[in-house]
Amino acid sequence: MRIVKWIFLIVLFIIIGLLVINVYISKQAKADMYQDISKVPAKQAALVLGTAKYMIGGGQNYFYTYRIRAAVKLFKSGKVKAIVVSGDHSTKYYNETGKMQKDLIKAGIPSQYITLDPLGVRTLDSLVRAEAIFDLKDYIIVSQKFHLERALFIAKAKGQKVIGFMAKDIPGTAAAYRMKAREYLARAKAFLDVYILHTMPKFDGKKEKVIYKK
């Protein structure tokens, strides 16, 4: 019985810790998140966080679709002068950034104003590399609200001046529930990465120039 009690207390402590971290990260990001395009302050660039274009079962991933649409909206409304797409293309078998680039061009964004970060294999990597490789310091992060809150938390902790533009969410679906459930653990990992582990990106690299629309 004593072992069961200790297991219960440990599980309870973990759950409380996850909830506290979740609330803390949400509050940290709240003031810098925008949904109305007319209220978004103009910045030099948008950083679009990558995800797979298609679901594991083969269907369309609307998290991806709506991030692309949000980035297009920012550029065409004059809120940004360049777009950096950051995702995983660390192997030849998986290419998030190539698909993002292709769909942005298809939506009318000139290719010269789209820069690829193919080594943004994690959210933390994308944000650290945004400044270290692409010299972004004052920019807009694009993703869904639940992901965007964590991204803003990490970027701010790294001393970056950022705001977030919320891509449309897909509430009420099984995919959305799975993504948001994983987000609790991802936020705990982000908290540890920032304040305790001081985690660095998996890949380094040379500075790359972002072309801005004049």
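Analyst: In this predicted model, Tyr64, Ile68, Ala71 and Val72 of helix H2 meet Lys99, Met100, Asp103 and Leu104 of helix H3; contact means heavy atoms within 4.5 Å. These residues divide into six nonpolar, no polar and two charged. Here Ala, Val, Leu, Ile, Met, Phe, Trp, Tyr, Cys and Pro count as nonpolar, Asp, Glu, Lys and Arg as charged, and the others, Gly among them, as polar.

User: Why are H2 and H3 called oblique to each other?

Analyst: H2 (residues 62-76) and H3 (residues 96-106) pack at an angle of about 50 degrees, with their axes 10 Å apart. Axes are lines fitted to C-alpha atoms, for helices over the stretch in contact, and angles run from 0 to 180 degrees between N-to-C directions. Angles under 35 degrees count as roughly parallel, over 145 as roughly antiparallel, 65 to 115 as roughly perpendicular and the rest as oblique. H2 and H3 are therefore oblique. Their crossing is right-handed, the term for a near helix turned clockwise from the far one by less than a right angle.

User: What makes helix H4 mostly covered?

Analyst: Eight of the ten residues of H4 (residues 123-132) are buried, that is, under 20% relative accessible area, whereas exposed means over 50% and partly exposed in between (1.4 Å probe, protein chains only). Among the buried residues are Leu124, Leu127 and Val128. The buried residues of H4 pack against strands E2, E3, E4 and E5 and helices H5 and H6. Helices (H or I, at least four residues) and strands (E, at least two) are DSSP runs, numbered from the N terminus.

User: What makes a set of residues a nonpolar core?

Analyst: The term requires buried Ala, Val, Leu, Ile, Met, Phe, Trp, Tyr and Cys residues joined through side-chain atoms within 4.5 Å. The largest such core has 31 residues, and Leu47 and Leu127 are among those with the most contacts inside it. H5 gives the most to this core, with six residues.

User: How do you know whether Asp135 is buried, partly exposed or exposed?

Analyst: Asp135 lies in the loop between H4 and E5. Its relative accessible area is 43%, so Asp135 is partly exposed. His198, in the segment after H6, has 52% and is therefore exposed.

Terms used. Residues numbered from 1 in each chain as written. Predicted model: local features only at pLDDT ≥ 70, side-chain atom pairs only at ≥ 80, totals over all residues. Heavy atoms only, no water.
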